[in-house]
Structure formats: C-alpha cells, structure tokens
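Open the model in your viewer and keep the sequence panel beside it. This tour tells you what to select at each stop and what you will find there.

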Amino acid sequence: MSSRCDEDNGNRASKWTGSEDEVLEVTPAKTTSNREDTSVDLTALRLCEESQQHQQDPGKSEGEAQAVLPVRTNKGNSDTRVLSAISGEVSEGWTETVIKEPQKDEDPTTLSFRPPASPSLSFTDTWAPSLSNRSSPSSPIMHHTSCITPSSSSCVSPSSSSPALLSLTPPLPPSVELSSVLADTRLTLDVYQGGAAVLPLLWRSIPGQLRALQYLRLGSEDGAAIEDALEVLPHLKQLRSLAIRGHCFYDAQGLPLPGLLTALPSSLASLSLLVHVDLSFNQLSCLPPCLLHLPALSSLLLCHNRLSILPPDIAQLSSLGYLSLLGNRLVSLPQSLGQLKGLQMLDISHNLLQSLPEEIGTLGELVKLELSHNELRQLPETMGSLLSLRELVIHSNHLRLIPQCLNQLPLLKMDARNNPLGRPPTPPPLPPTPERAETKIPELHLAFSQHSFCVSSAGCHVFLPGGTELLFPPGCLVSTTRLKWAEKKPDKKWVWLEEHDILSSRPLELRPHGVTFLKPVEVCVPYHRSSRREVVVRRFDGQSWSTLPTALRRGSQSNSCHPGGRPARLACCSVKQFSWFVAVSCPVRDSCSLTPEGTLLVSSLDPGIKLLFPPDATLQTRTITLQVLQVSVSEVQAFCGDPQARVSPLLCLSQTPSMDFLHPIKVQVPLPNGVPGHMVDMSCLHLLHGDPNAHTWTDITSQVSLYVTHLYAIFYITHFSWYWLWYTTQRCVSGVVRRVYQRLKQFKVQFLVLQRKTDPTQVLLQCLPTNKVDSRVQSLSEQYEGPQPSDLCDILEGEQFFAGFEKGLDINSDRPDCEGGRLSFVFYSSLKNLKEVYVSPAEGQAGPVRGQVSFYRGEVPSDLPQEVARKRKGHDTQWLATLPLRLPALSSDRSYVMEEHQYPPLNLGDPESGYLTEVNLLSISLQIGQDWRNIGINLGLSYQELDRIQYKYRDNLGALVLDMLFQWARGQTEVGQGAVPRLVEAMVESGRKDLADEIEDIVSLGKTKYRESLRRVGLEAETSLHNEPP
C-alpha cells in the first residue's frame, strides 16, 4: 500500500501543477539510500517553477544578502560575539568571515573572506557550532578551518578569496558534498537517513541562500532532527513545495521506518507561497491548522497517517485541486468538503467511511474519486451531478446497489469489484445468549502425519497442514465422530475446469462421505492469488461437479503456510456433507435475474461493458451470466502478425435456461485501445461470434446492427454465446481469430532438470511458467545444480505430459505415476508441477553415464479443435524439450564417485616452440574480466557453450572465466604447436593486446629456459665421457 502512495499520488499531483509542454531539467542528487526518488519530486519542482513565473520577489538580489560568522583568533579567545556587517567595526583579535549567497555561476559552497585590519595578523579559525540544542554525543558538528596569512605561502593571500568546504558529516556520510543535496533553489535531504538534521546546520551557515529555497524534501524518521528543522521552516518565505515523509528508509529486517511527525507549528501559516505539501507516512492525528491558512495550496497529501476526522474549516483551501487521505482512520467526511469547488482528484481509499455527505455532489470539477476499501453501504444520489467525473473506484466496500444516476454518466468508468451487488440485506445478528457467549470452540492443529481427528458435539476449529481450516460449529454432530482428510494429486479425475479456468489449489478429500452434519460446516481451502479473477470452490460428490457460494478471507495467524509469514488466502464454503473440494480461479462472473420487466447488467471488471434487456425480452425469469476476459494487445499482434491489430475484451455470455430472446439485447463494449470512434475505418472493424462447443469463430459483422460512438461499439443480439470485437487489416478474420484464441489459451513454460549436489541420483523435475523460472532456480541453487532451463514451450492448463529418461538412464517403473517407463505429469500454472525421483544407470552401463531427460506431450485434450489436435499427433510433434543429465561412475562398494570440481593439469604447446602451463593459464584468466565472451567466441567456442557457462556461474565471474578458458584448453591438448598462437590471435582479435604480449613473453621465456637446460645437459654428458676410466 505504501508503494502505491509513493507512486500514484505523485503522478496524480503532477497533473494539477504543470502544463504538458513544459520542459523540466532535473539534476539528480547523489544518494546513498536504497530508496528510489518518487515522481513527487518532479511534481513539486514543477509546482515551484510554475509559481515562480507568476510571482517575482521584489526584494534584494541574491548577491546583496550577507551573513557574518564569528571567527576565533590564535589568542585563544573563545568569545562567540557576532560581528556586524553593516557597521564594519571589528574588535581587536577578530576578523570577519563573510559568506555571500552564490551567484548563478558560482559554487554554493564558496566562502568569501575579508582580511583583518592589521596585515601582520595571522590566525586559525576553528568554528564548530552545535547543530541543535540537544546535548547528544551524536549531534552533528560542522568543523571549518582556514588559515589566512599575507606572508605565508601556505595560507590564503588577503587579496584573494579561498573556497572553504562546508562539512556535512555527521549526519551525512563523509563523501556527501553540499552540491549533492542543494542545487539552485532545491534542497533534498530525504535521501540520507537523519538528513533533516542538516537543515539547521545550513541555516546557521548560509541563511541567505536558504531564504531563496522553493523546493524542500525532509525525512521524518528522526524525531529530534525534525523538531529542529521545523524551527527553520517559517523563515523560508519563498518555499513552494514541502515534503516531510516517513517510510524513506528501512531497518535491518527490511521494514520501513515510520515517520515521527505529529504536528506542525502554527508559524508555518506564514509560508503563503506553498502550493504542494506532502506529509505522508507520519503520525498526524488531526489536520494541522496552519495548513488551512495557505491560500495557494493546490496539492495536499496526507496518506497513511492517523486522521480520524477532518475539520469543517477545510473549505478554506479554495485552491485545492488534489487531496489524498489514503490509509487513515476517517469514519465520516465534513459537509464543508463540498465547498472545494476546484477539487479535481480526491482519494479517500483504505479508511473506515460508512457514508458520504450529500454535499459531495457539488464538486463539479471532480475528475477521479477513490473510495475503495471502506465500509460504504450506499452512495448518495447527488453523485449524479458530478458531470466531470471520469473514474469512480468503489471496489471492496459493502455496496448492494449502485444509484441509477451513475449509470447515466456516459464517460464514467467504474470499478465496483468485491461488493455484494444485488444480494439481499444481511439480517442483523441475533443477540448472543449467555450460553453462546461463554462457549469457546476448541482448536486442533494437525501435523502432516495426522490424517484423522475426532470432533465432538462441542464443535472444533481444525487447522490442517498447508493452511486449510475446518470449522465445526457446536451441535453439528450428536456424538464424537472420527473424520479423515487427504490431499490428492491434481489428476484429471479430481479436477474439473471450464474454459479459461485455472486450478488454484490441490484437491482436498474429507471423509467419510456419507456423514451428514446437523449444521453447516465451513471448509476453507487455501488458494494461489490470481489477478483480476475470482476464486470459487467446487465440490465433487462422486458423480458430478458443482460450484459452491464462496467467501474469501485470510486465515488464522497461527496457521500460516510459512513460519512468521502472512496467513494463507482462503476460499470458504459451507457444506453439510464431506466430499472432494478444490479452489478454481475463473474470469469474474456478473449475474442477474432477468424478468419480463427487463434489466441492466454492468460488468464489475469494466464498467464500460453493459447489457441492456428491454421489457418483454423474455416470458419467464432467466439467470444471466456475464464474464469478461481481458486480452493483451501485444500478444494478439505477435500471434496474428498484424502490428495494427486491436481487440476489445472477450465477452462470454450465458443464460439459464438457454433459449433465444424475444427482442434484441443491446450490448455495449469499449472500442479497442487506439481506435478512435469518430474516425474509425468500419471496413477493418469485425464482430466475431464464438461457439465454445464447436471451437469455431464466425465473422457476423454483416449480420448484426453494429455502430460506434466516440468510445464504444454497440450491437444487438438475440442469442448468447462468445463475442469478440476486432480491428484488423487482414482479410480472413475468422481463421486468424481461431488461431489467436488457441494460442492465448496456452502457457509459455520451461522445464527444469536439477540434481542434488550431495546425491546426484536424486533428480528434480519441474515445469514452470517462464515468468517464475528465474526465481525458482535461484531458490534451488544452494542444494541443486544442473543445465540451464529448456527453451520455451506451449502447453495448456490441465494438459498431460511425460518425462522420459534416455541414453543409459533408468528409473523405478513400479511407480504409480509411471506409464511405459515415463513419468506422467499434469500441468497446472498455479501449482508446482514438481517431482523428485532417483535415477540409476541402465542395465549393462558401466562408468559415468551421459544421459538425457526428454519431455513429451500426452494424449490430445478432448476439447481441442480438429486442426490443432491434428498437429499434436505423431512422434515429432509430441516432443517438447530435452535436457542433459549425467551420473558419475560407481565405485567398488556400489557408491558413486563424486567428481571434484578442479581443473586437470594442462600444458599447451610443446617445449621446443614454447608452452603454457596450468599456472600460466590461471594467471591469464585473472586478467580477462568482462571480455571473456568475446575471447571465447574468437577461440571458437559455440554460443550454446558460452550460454551454458554463463548460466552455471552467473554469480561468480572468476569461475566463469576459468571454465571458459579451460573448456577451450582441454580441447587443444592434441593440437600441439598451434594452440598457443591461436590463443594469442584470439586475444588480439578481442582487443586485448596486453594479454597477447604477456603470453608471448611467457612463451619466449620458456623457450630460453628449455635451450639452457639442453645446453646444461649436453655439457654434463661431455664431462662424463672424458672422466670415464680407460
């Protein structure tokens, strides 16, 4: 939630403070924080520059302001008198240090020194004012030392000025200079922890330059430092933008440090030029009164504070255009909020609002209203007067009805997800009886090995391993009964998926199946999060599947999936009999009951999608269901080969009972992105009708009444099915749409084959969507190793595939999941799709085995169209990927000889022409560095080998270079004299002439030593011959 406030609120505020054609140049400050600067910086700077254009300071120029600092002489006088720059009088033993505000072309840290009256006077200035009134050993102290002597060459001449560096250490790191945080009229102190303590220090040193500040950012994690900084703020009369925020830094556990700001001084009301204020992530319990006296304030951010009420005087902020109160504790809003006539964006999400004032309808300029994650039960009818409103976010509330007046706003986009729309009001809970109030349901936590438990008539709250919860209310059983649970493998017989469904949990079986409970038992299944989709629980009773009413909630903190982690997400349903249960993610369903009077159905996922049923469209009541499937335009363009192709969301319409309507139904869908309604080429706009049973798509553009408005396409139908609006320049649209639709249903996956480092016979096989592969490999790298993942493959949700061990490898074929010597898998994108097996050499194999694992498709899914199923047949089309797998040799005691990770001795070349030893190669590898890939290519290594090496040693550059060099060297052992010249040539071609020269020097030295050794041996032989006795 905090990242949302950092990013979204900054982007929103920028819309109200600057025009689109402004050019803004920002010089980033040097930072040591691990936090990226947000877009609020740019917003605030733009606010300052825009305000500066409309209002000029009639006061003195920057060069006229001077500040006189005390200087202590070498006489040891410790007086702290301040000299007057106006009178120009200097007491004996003192000299004036005059600091001028820098001109535009000067360094802001340059200090101009005025020499003493006596030319013979020399002194050493040591000035160390305390940063604050706190007597803390860690209080930042600024030390400034200069030496001025007219006769000494080591000191500064009286006729010349000497730049003196202003030390900011502490609180800032030693490497931080003043120019890193202060640039022109911008001071940024929230990029270093404790940076707010620098503001009083700078005020004592360069007050003239600080008075010209227009842009200021402070971190509020240091309470004492921010208190001292607040004393300086009233003096900064030119300030346009002020940010005092928490959550700028993180502790050792990775948690953000909270802001400690609790109030603002009333003197801040004098900053009449302020247009942007950001006080997010602090501890404000009420709106600071001084803010109400800022007439130019147009952007106010108070996110993530402790505000529980807003004052009625908030109407005084007549210039306010953007107000963000996200993440507070507001229960209600004052009626005076409606007097903010210029307000264009209002964010009150993540609060405790139960209602809105009727006066909110008077905000005529309001463009976006954020009300999500509150406790709203109804919206006022006056909101129909918000004619400028373009976006209304009301999801995650308690709304059961949306006012009809909002549906009459043609340009309004509404997000109403996670609301009980259309449901009857929940009756108030019965007052607890004394017995019920005293009754506490016992808890039972089961281990992985405990697959049975007993429940008595008192009820029980059972926590299963993995996050599943079972809640048995008191009185659901007459006597104590033993119950069992089991988590099934996601085989097809335990899983039922409709079109576009995704399995979100493993099947859960609860037994015995025949037991009937006297009261409903709540079954909560943990599921994997799925964006912009809804999760439902489905039950299998042994003959058929049914979808149960499902409620989503977080599980108990004591039953977290991971120790210390967040509670599991649970999909809960109430049942009276045990059976098989599974959580499924599917496109969001919007349903309504259609009567002869007609009705309107609006999509909660995209409010621009509407179905209007006229009166007498049906004679009997029907249940209408609307599902919307968002489609990526980039994927469509890539699949169909048309860069101009655009598509609208895919509509899946169904009804019960299924029959044609008596009158046409009006369907409104948004035009594809980038297709303007007022100038669209109607010959490129196609409406496609899909048949989910026959897997066909038909172009029905000429058969329906289709017309477009500025933003929407409208057509009339009498039959429910799938409908898809396309904009494309291609002719054969039906065939293109059919192929694209089948490609969109498939997932891009990669296969992993990894061996445990301590036991190479233990092999892990896994199939993952490609966006999850890197993180998975990283998490397994400490215990497993193996080849890099396979190339991308396409596979369907719920499709079967096999893993076969080949070329001398074998597994135990008695496994229940082994068919024809191959391991059977079923792919589900939200599950792990993982198996660990033990492999062994095939019969008759001796020594190390260089085998492989190949992945093949299983039987063709029955729901595939004929042209796709035809391509799946045959051996070649069943193959998916192949990855290498090696087993070491067996020792005499039938244990595997583990290969040691060392490099064998290598000698390139021969003694007569010169050679390189292993030690020489190691020395050369240390100097290669980032040029290793170019050198490897010039040595003749293939791109595949280089990719394998890079993946294997992706976190160790030294090992990577060594492996590349020795990989090539091991292939040169039989080349002889040509190996060394080839290495020299590769170094020259790679731009490493220095290494080529070093190799030639090594070879030359080796030749010399070899010749000397021969000469020595020859002389010794001659001497031995002469000394032999006759």
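**Before you start**

This is a predicted model, in which local features need pLDDT of at least 70 and side-chain atom pairs count only at pLDDT 80 or more, while totals for chains, interfaces and linings use all residues. Residues are numbered from 1 along each chain as its sequence is written, and side-chain values use heavy atoms, with hydrogens and water left out.

Helices (H or I, at least four residues) and strands (E, at least two) are DSSP runs, numbered from the N terminus.

**Stop 1: the disulfide**

Select Cys 524 and Cys 572. A disulfide joins Cys 524 to Cys 572, with an S to S distance of 2.4 Å. The term covers a pair of cysteine sulfur atoms within 2.5 Å. A search of the whole structure finds one disulfide. Cys 524 lies in strand β24 (residues 516-526) and Cys 572 in strand β28 (residues 569-577), so the pair ties together parts that are 48 residues apart in sequence.

Is this disulfide left-handed or right-handed? The torsion about the S-S bond is about 115°, so the disulfide is right-handed.

Now colour by accessibility. Buried means under 20% relative accessible area, exposed over 50%, and partly exposed in between (1.4 Å probe, protein chains only). Cys 524 is buried at 1%, and Cys 572 is buried at 4%. Next, select Cys 405 and Cys 818. Cys 405 is buried at 14%, and Cys 818 is buried at 12%.

**Stop 2: the five-stranded sheet**

Select β31, β32, β36, β40 and β39. In that order, these five strands form an open sheet with antiparallel pairing. Two strands pair if DSSP finds at least two bridges between them. β31 (599-602) and β39 (706-708) stand at the edges with a single partner strand each, so one side of each has no neighbour in the sheet. On average, neighbouring strands here are turned by 15° against each other, direction ignored.

Zoom in on β36 (residues 665-670) and β40 (residues 712-717). Six bridges join these antiparallel strands. Which residue in β40 is the bridge partner of Lys 666? That partner is Tyr 716.

**Stop 3: an enclosed strand**

Select β51 (residues 849-857). Eight of its nine residues are buried, so β51 is largely enclosed by the rest of the structure. β46 (residues 800-806) pairs with β51 in the antiparallel sense over six bridges. Look there for Phe 805, whose bridge partner in β51 is Val 853. β52 (residues 879-887) also pairs with β51 in the antiparallel sense, over eight bridges. Here Gly 851 has Leu 885 in β52 as its bridge partner.

**Stop 4: strand β45**

Select β45 (residues 793-796). Cys 793 and Ile 795 point one way, Asp 794 and Leu 796 the other, and all are buried. Lys 748 stands opposite Asp 794.

**Stop 5: a helix pair**

Select α9 (residues 633-640) and α10 (residues 733-745). Their axes come within 10 Å and cross at roughly 125°. That makes α9 oblique to α10. Show side chains at the meeting point: Glu 635, Val 636, Phe 639 and Cys 640 in α9 meet Val 736, Val 740, Arg 743 and Leu 744 in α10. Contact here means heavy atoms within 4.5 Å. Axes are lines fitted to C-alpha atoms, for helices over the stretch in contact, and angles run from 0 to 180 degrees between N-to-C directions. Angles under 35 degrees count as roughly parallel, over 145 as roughly antiparallel, 65 to 115 as roughly perpendicular and the rest as oblique.
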